[in-house]
Amino acid sequence: MNVHPHPMPAIAPPEAPPPAPPRVESASHTWTEELLRGEASVGWAAEGRRLALAIGLSLLFGAAIGLRHGGAAIFTHALGVPAGILAVCLLAVPAFSIVLALANAPIDAFALGRATTRAAAHAGLVLGGLAPAAALFVVTVEDTITVTIMGFGALLLAGAIAARSFSREIGERVAGASPRTRALAAICVPAFLVFATVLSLRVFWITLPILTGVQ
Amino acid sequence: MIDVALLNRILRNPAEVARECRDDVDVAPIARNALFAIAAGAALFGGVVGAWHGGPQIAFAALKMPLVMLGTLILCAPAFYGVAAAFGRAWSFRTVASLALVAGARFSLVLLAAAPALWLTIDLGAPYHAIKLAAAVAYGLAGLAALSLLVRGLGDGPGKHTTIALFVSIFLMVGGQSAWILRPYLGTPGQKDIALFTNEREGGVAVQLLKSVRELAP
C-alpha cells in the first residue's frame, strides 16, 4: 500500500497540551521544612522570626502545664518554658561563641545564630506538639510524680532533639577545619551541651513550680 | 459512602495507602473511611468487652471505646507531627494526620476481627482475668498491625527507629491515660452498680501500673 504523506497539511495539527508541571514533593516545601531548615542566605531578621516561632510554640507547652492549677499559673508557666530556651540562647550560646573563637573554629556569629535558632525551632516544635498530651496528663492525673516525670521527660526530649540539631550543624562546619580545631570542638561541643542542659533545667526548676511540686 | 475496597487496601496493602498519605494523594476519602473504621471497629469491640457485665455496660463501653481511640489520635497527632519533623520528616500536618488515621483504622479493623473470638470467650464462661488477658492480646495484635503501617509510612531514612519508638511511647502513654479516665469498660466481678464513669480516685494509669509491678515483685 502506497502512502503519500501530505507535504503541507491543510489544517495545523492541534498543539500538544503543555506538559504538566512537575509534581512538587510534599516534603520539600512545607511550613515545617521552612521553620527547621529555611534558606541559608537569609539574614538575622529571618532567624529572629524563627526564634520567635520557637518561643511561641514552647509557650503552648508551658500554658498546658499551667492548666493543672489554672488562672495565673497558666500565664506564669507559659512564660517559664520559653525562659529556659531563651536562657540558653542569650547566656550559653554567646559564651560558646568565645570558646569557638579560641578554638579558631570556622563558624561566624551568623552561622552560630542560625544553628541556635534551628535548634530552638526543633525544641519548640516538639514541645508545641506535645502540649495537648501534656494538658491531658496535668488535668487528669492526681499524683504529682507523674506530672513531674511527664513534664521533665517532655522537656528533656525536646532538649535532646535540639542538642542533636545544634551539634550536627556545628559538626558539619567544623568537619573541614584543622585537626586541632576538630579535637577542641570534640571537647567543647559536648561540654556546651551539658552546660546548656543544666542551665535550662535550673531555669525550669525555678519557673515551673507545678513540675517540681514546690508551691 | 463507605469504600470497602479502600478498607481492604488498608489491610492488604498498607505500604500503598501509606505512600498515598505521604504524597498527599486523595487523603480526604482515606481520612473519612479511616474515621468510620475507627468508630465502628472500636464501638463493636467495646460492646463485646461490655458484654461480660451485660446490660447498660455494653452501650457504655461501645460508646467510650471509639472516644478513647479518636481522642488519643487527636491528642497524639500534633506530637507525631513535631517528632517526625524533628527527625527529618518535615511533612505537612495533613500528611501526618492522615497517616495516624490510617494506622488507627488498621488498629480498629483488627479489633473488629478479634471481637467475635472475644465474645465467644465470654459466652463460654471464661473467668474475669482470662477475658482481661484476651482483650489485652487483641489490643497487642491490633497495635502490631497499626505499627507495621506506620513503619512503612515513615519510609526509609535516618532517625526512623527513634521516630517509631517515640510514636509508640507517646501513643501508649496518651492512650493509656485516655482509657483510664473513661474507665470502666469491663467492670469488676461482683459489681452491682453500673456507671458511665467511675468516681473512685485511684491516681493515674502510671500509678496503678507501678502498684501492679510492686505487687508482682517478690
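Trainee: How many contacts beyond four places in sequence does the model have for residues 20-27 of chain A?
Mentor: Keep in mind that this is a predicted model. Over residues 20-27 of chain A, pLDDT stays under 50. For residues 1-14 of chain A, pLDDT stays under 50 as well, and there the model has 0 contacts beyond four places in sequence. For residues 20-27, the count is 10.

Trainee: Which helix gives the most to the side of chain A that touches chain B?
Mentor: Happy to walk you through it. The contact takes 22 residues from chain A and 26 residues from chain B. On the chain A side, helix H1 (31-36), helix H4 (109-140) and helix H5 (144-174) each supply at least two residues. The one that gives the most, with 11 residues, is H4(A).

Trainee: How many residues of the side of chain A that touches chain B are nonpolar?
Mentor: Good follow-up! That side of chain A divides by class, with 3 charged residues and 8 polar ones. The nonpolar residues number 11.

Trainee: Are H4(A) and H5(A) roughly parallel or roughly antiparallel to each other?
Mentor: Look at their axes, which come within 8 Å and cross at roughly 160 degrees. Angles over 145 degrees count as roughly antiparallel. The two helices, H4(A) and H5(A), are therefore roughly antiparallel.

Trainee: How many nonpolar residues does the contact of H4(A) with H5(A) have?
Mentor: First, the geometry: H4(A) passes H5(A) in a right-handed crossing. By class, their contact has 3 charged residues and 6 polar ones. Its nonpolar residues number 20.

Trainee: Now for chain B: does B:Gly82 count as buried or exposed?
Mentor: You can find B:Gly82 in helix H4 of chain B, which covers residues 56-86. A residue is buried if 20 or more other C-beta atoms lie within 10 Å of its own. B:Gly82 has 29 C-beta neighbours inside 10 Å, so it counts as buried.

Trainee: Which residues of chain A does B:Gly82 touch?
Mentor: Within chain B, the C-alpha atom of B:Gly82 is separated by 9.6 Å from that of B:Val96, 14 residues apart along the chain. Across to chain A, B:Gly82 touches A:Leu125, A:Val126, A:Gly128, A:Gly129 and A:Leu130.

Definitions and conventions: Residues are numbered from 1 along each chain as its sequence is written. Chains are lettered from A and ligands numbered from 1 in the order in which they are written. This is a predicted model: local features need pLDDT of at least 70, side-chain atom pairs count only at pLDDT 80 or more; totals for chains, interfaces and linings use all residues. Two residues are in contact if their C-beta atoms, placed from the backbone, lie within 7 Å. Helices (H or I, at least four residues) and strands (E, at least two) are DSSP runs, numbered from the N terminus. Ala, Val, Leu, Ile, Met, Phe, Trp, Tyr, Cys and Pro count as nonpolar, Asp, Glu, Lys and Arg as charged, and the others, Gly among them, as polar. A residue is buried if 20 or more other C-beta atoms lie within 10 Å of its own, exposed if 12 or fewer, and partly exposed in between; C-beta atoms are placed from the backbone. Axes are lines fitted to C-alpha atoms, for helices over the stretch in contact, and angles run from 0 to 180 degrees between N-to-C directions. Angles under 35 degrees count as roughly parallel, over 145 as roughly antiparallel, 65 to 115 as roughly perpendicular and the rest as oblique. A crossing is left-handed if the near helix is turned anticlockwise from the far one by less than a right angle, and right-handed if clockwise. pLDDT is the predictor's confidence in each residue, from 0 to 100.
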